[in-house]
Amino acid sequence: MSTLILWFRDETKRNILFLVISGLALAASFLVPEGFPFSPAWIAILLCGIPIVKEAVVGLVTAFDIKADVLVSIALVASVIIGEIFAAGEVAFIMQIGSLLEELTVARARAGIEKLVRLTPRTARRIAGSGEEIIPAEEVRAGDLLRVLPGETIPVDGVIASGETSINQAVMTGESLPVDKGPGDEVSSGTVNQFGAFEMRATRVGEDSSIQRMIRLVQSADAGKAKIVGLADRWATWIVVIALSAAAITWLVTGKIIRAVTILVVFCPCALVLATPTAIMAAIGNATKHGFLAKEGDALERLAQVKKITFDKTGTLTYGTPRVAGICSLEPSLPEEELFWLAASAEQRSEHPLGKAVTACCPKGRQLAEPEEFQMLPGRGVLARVNGHTVLAGNPRLLQEASIPAEKLQAAAEDAVKQGSTIIYLAVDGTAAGFLALADTLRSEAAQTIRSLKEAGITPVLLTGDHENAARHIAGQLGIEEVHAGCLPEDKLSWVSQPGQKICMIGDGINDAPALKKSYVGIAMGGVGSDIAVDAADIALVSDDLKELPHLFRLARRMMVTIKCNLTFSMTLNFAAILLAITGVLNPIWGALVHNAGSVLVIVNSALLLGWKKKS
């Protein structure tokens with residue numbers, strides 16, 4: 001019994017049940033002999049019509065909200081008064097079908113977004129003393145040591161302390177293959193442990209965790225915020241006034257109230273009101289499947305008007321982590337591979353990001369040697385004894401202090417410096433041996449993304465705080481003609497807020513947040529981006545995969561085309577139907593069919609956006 005009550009409380013299931021009963025009642029009304037005191041069509045009026053009338057009355061009384069329900073209610077009451085019981089029942093029945101279709105379409109459009117909420121872990125295994133305890137995930141605190149078993153969802157963000165495993169990160173990054181993880185690697189809440197058990201140290205918990213941050217973006221997606229929706233609502237109000245006036249005049253002129261009732265039925269602006277929000281929600285659902293979370297319903301509407309997009313460099317067009325881009329040996333007895341091996345071995349104990357980058361980029365085929373001696377020299381570099389060799393790795397000042405001339409190395413590294421690379425100068429056994437050039441590497445998909453954006457009519461601009469050489473080098477590789485380097489946060493803010501310009505900004509760092517907030521449309525890199533940048537943006541790119549960016553622009557434009565088609569169709573249908581009603585061609589029953597056919601076609605047209613993708 002309790003299961004039945006719970007099932008009946010589900011509004012969608014209840015509406016389906018009422019529609020089935022009402023449909024059977026309308027069919028049965030054909031079998032009732034003429035003169036029978038009760039028409040089964042009354043069942044449809046009670047089950048489907050009463051909720052419509054109730055909503056219309058509540059809207060009028062509480063907010064003087066004159067919308068489609070008002071016209072439907074008047075049409076229902078008028079049909080009953082003139083004895084058209086079957087017509088009234090069919091009007092109510094078909095209106096509820098349209099309402100159910102709208103509900104199911106919107107639910108399907110949002111399904112891709114709301115599944116994130118269901119992925120929120122409920123519990124966590126916290127290691128306490130010699131054992132473990134299962135606690136609610138919201139009680140995990142930063143610094144807690146947790147154990148995650150195979151097949152479990154990771155409850156909070158953290159760093160693996162021990163154990164080897166593979167993580168399915170599809171929910172956060174869109175990657176189809178699991179990613180191998182070991183001690184020191186970061187893991188995100190909402191991702192799934194595939195194979196081995198591991199222990200992790202919690203870093204970001206509760207509302208700060210990755211999955212919760214994404215959920216907050218999801219919950220803020222609201223199609224009702226789009227400006228064009230307000231316009232459609234205003235039109236709907238005027239249509240209600242026009243319909244009432246046309247019905248009254250038709251009744252006075254022709255003396256046939258059935259024509260007036262038909263006008264009220266066909267002129268309900270349901271299709272007009274549905275035209276925009278269904279398209280926006282379907283487009284949001286499509287964007288979600290391609291790795292984007294839209295925080296505002298009107299974000300896609302605004303994006304459709306953008307002609308220029310500005311990119312931050314580091315972390316957006318590049319991976320944001322330095323890598324060894326070049327090796328140069330000036331010592332004939334030291335091949336480049338050997339010099340690299342010595343440098344990486346010397347940097348093993350370094351805490352400097354560049355030192356760690358050198359070690360991380362060393363080829364895996366040869367085991368690094370443990371330094372026999374090691375000394376960190378802040379602001380200069382490192383001094384180490386490796387395999388019997390004295391190795392210096394750092395800036396020119398380090399070599400000068402050791403009385404080793406650095407001019408020859410600096411001259412050799414001049415081209416690399418012009419390209420924006422950071423140089424680590426190397427000396428071995430008191431001799432200037434060569435250098436390593438480190439640079440931030442371009443994202444693999446960046447060049448194709450820029451080409452596709454240009455093909456879509458979008459002009460790319462590089463707006464970065466990096467120095468001129470690095471910015472020009474990156475822009476040259478990508479084919480970006482307009483470059484603004486050395487920009488402070490206020491410079492970016494000023495540039496994207498130029499009067500009369502509709503500029504999209506895409507960035508990832510805290511320094512990008514003001515520009516993301518002020519730009520016409522802000523897009524944040526949701527994976528590597530800071531929390532502040534994500535909060536400031538209108539749209540978050542969850543997977544950090546830029547190749548889907550052109551699709552987002554094309555989708556926004558397609559959405560606007562769909563909205564305009566929906567609005568044009570619904571207005572044309574309404575005015576054509578009212579002319580047919582005035583002349584008596586349509587009666588209330590056929591009027592309800594025509595009206596709801598329009599609503600269904602609008603919904604179906606919008607639903608096509610869910611799977612839309614421009615064919616290449």
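Which residue in β9 is the bridge partner of Ser 162? Select Ser 162 and look across to Glu 199, its bridge partner in β9.

Before moving on, note that this is a predicted model, where local features need pLDDT of at least 70, side-chain atom pairs count only at pLDDT 80 or more, and totals for chains, interfaces and linings use all residues. Residues are numbered from 1 along each chain as its sequence is written, and side-chain values use heavy atoms, with hydrogens and water left out.

**The sheet.** Next, select residues 157-162 (β4) and 198-204 (β9), which pair in the antiparallel sense over 5 bridges. Strands here are DSSP runs of E, at least two residues, and helices are runs of H or I, at least four, numbered from the N terminus; two strands pair if DSSP finds at least two bridges between them. Now widen the view: 6 strands form an open antiparallel sheet in the order β2-β1-β3-β9-β4-β7. At its edges are β2 (131-136) and β7 (186-187), each pairing on one side only.

**Helix α23, one partner.** Select 549-582 (α23) and 257-266 (α9): their axes are 8 Å apart, at an angle of about 170°. Axes are lines fitted to C-alpha atoms over the stretch in contact, with angles from 0 to 180 degrees between N-to-C directions. α9 is therefore roughly antiparallel to α23 (angles over 145 degrees). Show Arg 259, Thr 262, Ile 263 and Val 266 of α9, which meet Asn 574, Ala 577, Ile 578, Ala 581 and Ile 582 of α23 (contact means heavy atoms within 4.5 Å).

**Another partner.** Finally, select 446-455 (α18), whose axis comes within 8 Å of that of α23, crossing at roughly 20°. That makes the two helices roughly parallel (under 35 degrees).

Terms used: Angles under 35 degrees count as roughly parallel, over 145 as roughly antiparallel, 65 to 115 as roughly perpendicular and the rest as oblique.
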